[in-house]
Amino acid sequence: APARTNELAVDENVNEGNNKKVIVNKEDRISDGFISEYEYVRVLSVRSKQIMLGGKIMLNNGEELRKKLTPREIAEMEIKRKCCPLIIVREMCNGSVERWSVNELEVLY
């Protein structure tokens with residue numbers, strides 16, 4: 001099994017041994033461009049954990065923010081300011097897989 005450094009990581013060999021099609025082009029995607037409540041919570045928890053364990057903060061003055069804010073607050077800021085480094089993988093009913101950067105998705109929360 002591949003090493004899992006990030007719970008939302010994509011297995012690059014997704015096409016080996018199965019008939020899944022990876023959709024990368026934005027115009028070919030069939031799902032909408034909104035992050036679901038469940039995806040938001042998952043991204044928030046994974047990113048908070050990364051920050052808590054010393055991961056690089058993608059905002060300006062990251063180390064100053066680390067002293068003032070909780071990891072969750074920093075993760076929320078990254079998501080809202082569209083600088084979160086995570087990718088969401090959506091498996092569609094037709095067997096295809098869509099990869100969305102968190103920064104591409106609209107956040108309604």
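Reader: What counts as a salt bridge here?
Author: A salt bridge is a side-chain nitrogen of Lys or Arg within 4 Å of a carboxyl oxygen of Asp or Glu. The model is a predicted one.

Reader: OK, how many salt bridges does the structure hold?
Author: There are 5 salt bridges in the structure.

Reader: What does Glu78 form a salt bridge with?
Author: Arg47 is its partner, and the closest N and O atoms are 2.5 Å apart. Glu78 sits in helix H3 (residues 71–80) and Arg47 in helix H1 (residues 37–52), so the pair ties together parts that are 31 residues apart in sequence.

Reader: Are Glu78 and Arg47 buried or exposed?
Author: Both Glu78 and Arg47 are buried.

Reader: And what about Arg66, which side chain does it meet in a salt bridge?
Author: Arg66 meets Glu63, at 3.1 Å from N to O. These two are 3 residues apart in helix H2 (residues 62–68), so about one helical turn separates them. Arg66 counts as partly exposed because its relative accessibility is 26%. Glu63 is also partly exposed, at 47% relative accessible area.

Reader: Back to helix H3. How far apart are Glu76 and Arg72 in it?
Author: They are 4 residues apart, about one turn of the helix. Their side chains form a salt bridge of 3.2 Å, N to O. Arg72 is partly exposed, with a relative accessible area of 49%.

Reader: Different topic. Which residues form a nonpolar patch on the surface?
Author: Phe34, Leu108 and Tyr109, with about 330 Å² of accessible area together.

Reader: Where is Leu108?
Author: Leu108 is in the segment after strand S3 (97–101). With a relative accessible area of 61%, Leu108 is exposed, because exposed means over 50%.

Terms used: Residues numbered from 1 in each chain as written. Predicted model: local features only at pLDDT ≥ 70, side-chain atom pairs only at ≥ 80, totals over all residues. Heavy atoms only, no water. Patch = residues over 30% accessible without salt bridge, like charges linked within 9 Å, V, L, I, M, F, W, Y side chains within 5 Å. Areas by Shrake-Rupley, 256 points an atom, 1.4 Å probe, with all protein chains shown as cover. Buried < 20%, exposed > 50% of the residue type's maximum accessible area, 1.4 Å probe, protein only.
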